[in-house]
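This briefing goes through a single protein chain, one topic at a time. The structure comes before the commentary.

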Amino acid sequence: MGMPRDWQINKQKISERGQYLLETGKWSDCKFVVGQEPHQQILKGHKLFLAMSSPVFEAMFFGGMAEKNDPIPIQDVQPEAFKALLQYIYTDIVTLSSFELACELCYCAKKYMLPSLVELCTKYLWSDLSPKKACRAYEFAKLFEEPIFMEKCLQVIRTKTNEVLKETNWEDVELATLLTVLDQDYLLINSEIDLFNAVECWAKAECARKSLDPSDGKLLRSVIGDALLKIRFLRLSPQEFAEGPGISPLLTQTEAFAILMNIVCVGNKTPMPEGFSTDARNRAESLKASVGAIDCSKFKAPCTCTPYSSCSHTQHCWPSPSSHSFERFYNAATVMEGGMRGGSKYYGLRKVFHETDCLNSNVLDCSVTFTADKDICVLGVQVPTQLKAAADMSPDMSYTELLYAHLLDSDGTRLTFTHFTTKVNINTLVEITFNRPIYVLKHKVYRVGVVFNSVGCYPMGLCSESAECNSVVFSFGIGNSKESVRDGLIRSIVFTHK
């Protein structure tokens, strides 16, 4: 049966016409094979529709090195998520039926640079956030660098901790998430025993996943990292400790005795086991006392007070300089008030040694940690463009560069980012400006990362571990045992300072 004639007459809106083309595949000029075997599906598309919505698809179909595969393999996305992406591109409609689909579609929207779809997915995830999903949502938000969503998830974890720890999927969280929960000063728990039991439960599940004996204390300890060091054992009564942690295989007899002596005896001369917490504060009471201050701020100043100034308001408008979130508040203040943005622009340029090249056939990502010995304001980074690819190319040949860049703090929280696409010349440096400048504190560790999406050869190589510009000294590769040549793609930090 052929296509109906004059089908356009009954389609009053462009979304209806787009839906018809998507469903029928009429005039399609590209195909995608999506997913992994045995669940792969072939989906048809229209290059113009796709390029009109996404710079990634534009580069894929109309760039200097356009995609030649037919069908185009898309192996890192599930078919249902890619179908939802196509539906949004063709009709501006998105139908989110589950938390899992929203996560997958959000990843897909980020990959193809559709920020409005990312926002819709994030809003859905926020609305569907519950104690059962809080940890998984936090891991998703951390993976895809959504700091506000991360904080929202942590708020649920902090205020509904008892429910979070009782969920069966608690045993499936990542170790990093477990440690993050234990790092919180404010948690709604009945006792520190709740946290210890949650750690023990997770450790046994992890041993089972790794085919290890869950009754072996050494093996249990080997899978939980520093988790025990974050438990506030001194908050427990002697009976609570003796009936719980004191007889657990997670603690050695020597450790259990030392902790018990510190719980029972005031001024006890027996030291706590090395590395164990000496904090005896009640997390639940701290949570109740801090709710007002947490809710009143939400990363915006509710009054005209500035950091360090005295404030007569009953609730704190700005955190103290020693608080964990002060740096993020101060960043906001610096940006709002102008800060150092009016100064001259400088480049902390790294020297390149042992230069080589790398062919990017799909996605090329790189990152490097750094510190500065003075307080500065980071504006962006410089990265190299592609090398001359053939002998017959003219020296002034250009191409369309497509990349994503971000700046993270030492906790992995994204401070700023940018999506960058423009025509650039080959074999030069291009300056990438972040969406907003960030105030960087001296001697603190930050990480800058760049993801290249354009196919071609890029110059890489080992770079100098330090750089100096206008009396500011940068140190790179902090905490890395050995720097990768890929890190050499980040050539300089663009900054200003007073």
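At 5% relative accessibility, Ser454 counts as buried, where buried means under 20% relative accessible area, exposed over 50% and partly exposed in between, with a 1.4 Å probe and protein chains only. The model is predicted: local features need pLDDT of at least 70, side-chain atom pairs count only at pLDDT 80 or more, and totals for chains, interfaces and linings use all residues. Residues are numbered from 1 along each chain as its sequence is written, and side-chain values use heavy atoms, with hydrogens and water left out.

**Surroundings of Ser454**

- Ser454 sits in the loop that links β11 (446-452) to β12 (456-463); helices (H or I, at least four residues) and strands (E, at least two) are DSSP runs numbered from the N terminus.
- The side chain of Ser454 comes to 3.0 Å from the backbone oxygen of Thr400.
- Between the side chains of Ser454 and Glu401 there is a polar contact of 3.2 Å. A polar contact is a pair of N or O atoms within 3.5 Å; within protein, one must be able to donate a hydrogen and the other to accept it, and residues adjacent in sequence count only if both atoms are side-chain atoms.
- Neighbours within four places in sequence aside, Ser454 is in contact (heavy atoms within 4.5 Å) with Asn360, Gln386, Tyr399, Thr400, Glu401 and Leu402.

**The chain as a whole**

- The protein chain contains 16 helices and 15 strands.
- Of its 498 residues, 46% count as buried.
- Among contacts in the protein chain with a separation of 6 or more, 70% are between residues 24 or more positions apart.

**Nonpolar cores**

- A nonpolar core is a set of buried Ala, Val, Leu, Ile, Met, Phe, Trp, Tyr and Cys residues joined through side-chain atoms within 4.5 Å.
- The largest nonpolar core has 90 residues, of which Phe32, Phe57, Phe82, Leu85, Tyr112, Trp170 and Phe233 touch the most other members.
- Domain 1 (7-127) and domain 2 (128-264) both contribute residues to this core, so it lies between them; the domain bounds come from an automatic or database domain assignment.
- Apart from this core lies another, of 37 residues, including Val381, Val430, Tyr458 and Ile493.
- Not counting residues up to four places away in sequence, Phe233 touches Phe196, Leu228, Phe241, Pro245, Leu251, Ile259, Ile263 and Phe276.

**Helix α14**

- The 12 residues of α14 (residues 253-264) should span 16 Å at 1.5 Å a residue, and the end C-alpha atoms are 16 Å apart, which agrees. The expected span is 1.5 Å times one less than the number of residues.
- Glu255, Ala256, Ala258, Ile259 and Ile263 are the buried residues named in α14.
- Seen down the axis of α14, the buried residues fall within an arc of 165 degrees, so they line one face of the helix; the arc is that of the directions from the helix axis to the C-beta atoms.
- Gln253, Thr254 and Phe257 are exposed on the other side of α14.
- The cover over the buried residues of α14 includes α12 (217-223) and α13 (238-243).

**Helix α7**

- Helix α7 (residues 131-143) has 13 residues and reaches 19 Å from its first C-alpha to its last, close to the 18 Å expected at 1.5 Å a residue.
- Pro131, Ala134, Cys135, Ala137, Tyr138, Glu139, Phe140 and Ala141 are buried in α7.
- These buried residues pack against α5 (99-111), α6 (115-127), α8 (147-159), α9 (161-166) and α10 (175-183).
- Glu145, which follows α7, has a positive phi near 55 degrees.

**Loops and backbone geometry**

- Met113, in the loop between α5 and α6, is buried with a relative accessible area of 10%.
- In sequence, Met113 and His419 are 306 residues apart, while their C-alpha atoms are 7.9 Å apart in space.
- Met113 touches Ser53, Pro55, Val56, Leu402 and His419, residues up to four places away in sequence not being counted.
- The Glu37 to Pro38 peptide bond is cis, with omega near 5 degrees, and Pro38 lies in the loop between β1 (30-34) and β2 (41-45).
- Asp92, in the loop between α4 (79-91) and α5, has a positive phi near 65 degrees without being a glycine. At 62% relative accessibility, Asp92 counts as exposed.
- Ser211, in the loop between α11 (192-209) and α12, has a positive phi near 60 degrees. Ser211 is exposed, with a relative accessible area of 69%.
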